[in-house]
Structures are given as C-alpha cells and as structure tokens.
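Hello,

Here is the structure I promised to pass on to you. Please have a look at it first, and then read on for what turned up when I went through it.

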Amino acid sequence: MADWLGRRRQRQRRKKTRHRKTKRAKDVRGDFISSMPDEILHHILSFIVTISAIRTSALSRRWRHLWRELTSLYIHDFGPQARGINQILTHYTAPKIMCFHLGIYNDNHSTAQINSWIEFAMSRRVQDLSLTFFNHRKYTFPDFFNLSSSIEQLSVKLRDRHMIPGATVSWESLRNLSLRRCRIRDESIVKIISGCPKLEFLALYYCGVFNCLDLSKSLSLTRLEMKHHRWGSRPTKIIAPNIHYLRLETSDTCNLVDVSSLTEAYLDIGIDGNFSFRVDFLLTMVLKMIAKVQNVERLTVSKTVLQILSVAEIRRFPFRVLRDQTLIVKIKFVRSVIPGIAWLLQNSPGLKKLIVHTTDKGSMMDDEYVDSYLDSQGLKLDKYWRLKYGAFPTSCETHSMLRSKDSTWKLLASFIECLLRNTKTLEALVVWLGGSDFNVKWFKGLLRMVPTLSDNTNVSIMLKLSNC
C-alpha cells in the first residue's frame, strides 16, 4: 500500500512539473514582445509619446520600469501639467538623452519651470532637441540654452515671437537647425550662424524680419530651405556661395546674390487669390531666380512658377540656357502652365530626365487672371491658345474634361506629345498622376495605352500613381 501511494505521488509531481513547463512555454509564446531584450523594447517605445510609454507599465512587472531608461522623450502638456512633467523627469533614470521633444501648448507655465525642463535635457547631453511653443507668448530663452557642445539637431517653433540670442551662441556640434515662426533680426542671424561651425542644414520657415542672410562664412553648410513671406518689405538678400541644395518658397522678393555652388534647386511662389496686379513684379523676380540657378543639375519648379514662365514665353522675354539634366515640374492639367513647361524644355539642351507631378498641393493663379494680365498688355490670346494649346483646358474646364477615361487619356496623350515635341535629348519621362481631378479607377487602363505613345520615340515613358 505504501509503495502504491509513493508511486502515485511521484506521478502527480511529474504531472505538475510538466504542466508548469507547458504553461511557461505558452506564456512565452503568448507574450513574445516581453521576451525581447530591453534594447529592442526601448527602440519600440521610442516611437510613441512618453505618456503612452509610461502607460505600458501596467502591462506586467517586466514593463514596469522600461520607460525610465528610454533614450527618447516626447513630452507635451496636453495631458500632464507642470506637476506631471516634473514627476516624469524625476523618475527618469537614463544617463543620456538622444532625443528630447518638448511641446508647450498652455500659457500657464512659468519661465523658470520651462527652463528647468530644457536644462534637464541639456544636462543629459541631449543630441536631438525639439522645442515647440504655441501659446506661451512671454517666454524668452535663457543664456544657458545658447551654450551646448552635445546638441547635433535643433528644432524651435515659436508663435511669431522674437528669438534674440544672448551675447554668445556656441552650438559646437550642431549640424541641423530648423527655426519656424521665430522672428529673427539680422544681428541675431549673424550670432547664430557664427556659433555653429559644423552646421550642414539650415531651415527657416516664416522667420521674417531679417533683410540679409549671409552664409558665406559657413563652409560646411550645404543645404538651405526657406519659406519666406514678407509682404511689402525690402528684398531679402541671400548670400550662400557654399550651399549645394536650395529649397525656396516665397511670396515676396528674395534676391539670390550668390548661390554659385548649387547643384539642386526647388523654386515655388506662394500666391492666393487675384494677384494679376503683381505679375510684373513676380515676372521680374522669377526670371532673376532662374538666371541664378541656371547651372544646377536638378531643378524643381511649382505650378505658379510655370504660370509666370508662361507669361514670359508669351511676351517673348529672353531666357538663359539651363544646364539641368533632371527637371521636376508640379502641375495641374491647365493651359496656363503648358507654355512655361515648353519654354523650360526648349532651353534645357542637356535634359535627360523629366518628372511630372500632377497635384492639388500648392497655390496657383486662376487662368482668367493670367488672361486678364495678358489682355492688359495688348496681347490677343484667343488665336494663340487655339493654335498652340487648344487641347488643354482652362482651370474652370479641367474637372469636366477629366470626367471620363477617354477624355482623360486624350488630354494625357496631348500633354505627353507636347513634352516630347519640345525636347531632343530626353531619355526618361515619368508622370505621377494624382490630385482630385484624376480618377484612380482609370489608371490601369491608361497604363495599357502608354506603349502607343512610345512607339516612335526612344524616350522611356512611365506612368505612376500618386497620393498627392
């Protein structure tokens, strides 16, 4: 009897052991993410805002303290107020911060409180610092903010507040600088640029006030992006002999004094409403810009620039020969952009690749304003449009013309034939079809028609579907 009981207990113990092993195996398979190393989990959590990362503490004991050692913190005051942000930073234990993004949307934080949060990040030798102020109109940056040897990427978004650095700016390691809606004067620009000896990329979005952007002493700076809107002000001079890439979106005068090292340029003119009375001004500005970027290898122009170049072509303005090998144009299928495209193609004798994006993004003038301006110059346009570009609709006619697949194909075929007719060296043509006027249901049918266009040409023609 005793032997039988002993064997029974052994069988029960073995059964329980097998059950526990099976249960652990199932737990591991069921929670595969928790079995990953901390480094991978930290990487996963770095893609979400910090308050969401903290909520993962409730998942299990394994997750309880993971967020404290994240190298990226994304903090905003939507949820946590000042006390909550202080608690987050108090419990944070990582010795170094790679990315620190702070968003201030409320106006009830004291300057000293905000300074303490920025100082916390800088004390952990942050490399990527992003600061956004939406409603805090009284905030000014402390002097310690201007002194850092660790920051490599800095992004500051103010709400049309003056950004006035202290007596000294020293961002020794800074490579990428992005400023949005920071009102900056000329002397402030000089201080910032002189304090960034390793700067490679500079973005200035709606940072009006300064009259001259002199980057001639920034030998490492190769990329410049500007969105510039200063109605009725003096021209802004841009002196940047070392930059290789320029993206310029402006609604007022920008004088490209020296951009002699450019290899790639993106030009856009911001227009909203009836600006036919400003066409003369815009015409002069665009032609000067085109002259300054005539040696680039890759050129991108917007719909409005094409419309202005169309006016120049119709008025027979002289035009410099371009050396671009790749041309990218942003368009809608309207007749007011076609002469401008043709003019660019005719004056690009070394062009190898043409990329066309049909898109709704960006501003452009209505065709009636273009016609109104040309009429005021004594030009009779009815015959011109009918003979040269009669296949293309006005901005009012585009939507109705693109309502069927056959009319869409007819318009697209006329457009591609026009492009090929105006260039002799082209090797590749890529057309991205998008925008609200284009029906994606017809795309496969249009693809089948492309070979009929390339039978009599050596140009490779590709149609692609765009979500723009």
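**Helix H8 and its surroundings**

Helix H8 covers residues 303-314, and its 12 residues reach 17 Å from the first C-alpha to the last, close to the 16 Å expected at 1.5 Å a residue. Please keep in mind throughout that this is a predicted model. Is H8 buried or exposed? With a cut-off for burial of under 20% relative accessible area, 12 of the 12 residues of H8 are buried, so the helix is largely enclosed by the rest of the structure. The buried set takes in Val305, Leu306, Ile308, Leu309, Val311 and Ile314, and it also includes Lys303, Gln307 and Glu313. After H8 comes Arg316, which has a positive phi, near 60 degrees.

**Parallel strands**

There is a β-α-β unit for you to look at as well. Strand S7 (residues 176-183) runs parallel to strand S8 (residues 201-205), and five bridges join the two. If you want a place to start in that pair, Ser178 stands opposite Ala203 of S8. Together with helix H6 (residues 186-194), S7 and S8 make up a β-α-β unit that is right-handed.

On strand S9 (residues 212-214), S11 has a parallel partner, with three bridges between them; here Leu213 has Ile238 of S11 as its bridge partner. S11 is also joined to strand S13 (residues 254-258), again in parallel, by four bridges.

**Positive phi in two loops**

Arg125 is not a glycine, yet its phi is positive, near 55 degrees. You will find Arg125 in the loop between helix H5 (111-123) and strand S3 (128-133). Its relative accessibility is 44%, so Arg125 counts as partly exposed.

The other is Tyr206, also a non-glycine residue, with a positive phi of about 55 degrees. At 27% relative accessibility, Tyr206 counts as partly exposed.

**The chain as a whole**

Stepping back, the protein chain holds 14 helices and 19 strands. It has 468 residues, and 49% of them count as buried. Among contacts with a separation of 6 or more, 65% are between residues 24 or more positions apart. The chain exposes about 24000 Å², and carbon and sulfur atoms supply 50% of that area.

The average pLDDT over the protein chain is 84, and 88% of the residues score at least 70. Where is confidence lowest, and where is it highest? The lowest mean, 55, belongs to helix H1 (residues 2-30), while strand S15 (residues 298-301) has the highest, at 97. Within residues 21-30 the pLDDT is below 50, and this stretch has one contact in the model beyond near neighbours in sequence. Where pLDDT is low, the predicted coordinates should not be read in detail.

Best wishes

Definitions and conventions: Residues numbered from 1 in each chain as written. Predicted model: local features only at pLDDT ≥ 70, side-chain atom pairs only at ≥ 80, totals over all residues. Heavy atoms only, no water. Expected span 1.5 Å × (residues − 1). Buried < 20%, exposed > 50% of the residue type's maximum accessible area, 1.4 Å probe, protein only. Pairing = 2+ DSSP bridges. Right-handed = clockwise from strand over helix to strand, strands pointing away. Contact = heavy atoms within 4.5 Å. Areas by Shrake-Rupley, 256 points an atom, 1.4 Å probe, with all protein chains shown as cover. pLDDT = per-residue confidence, 0-100.
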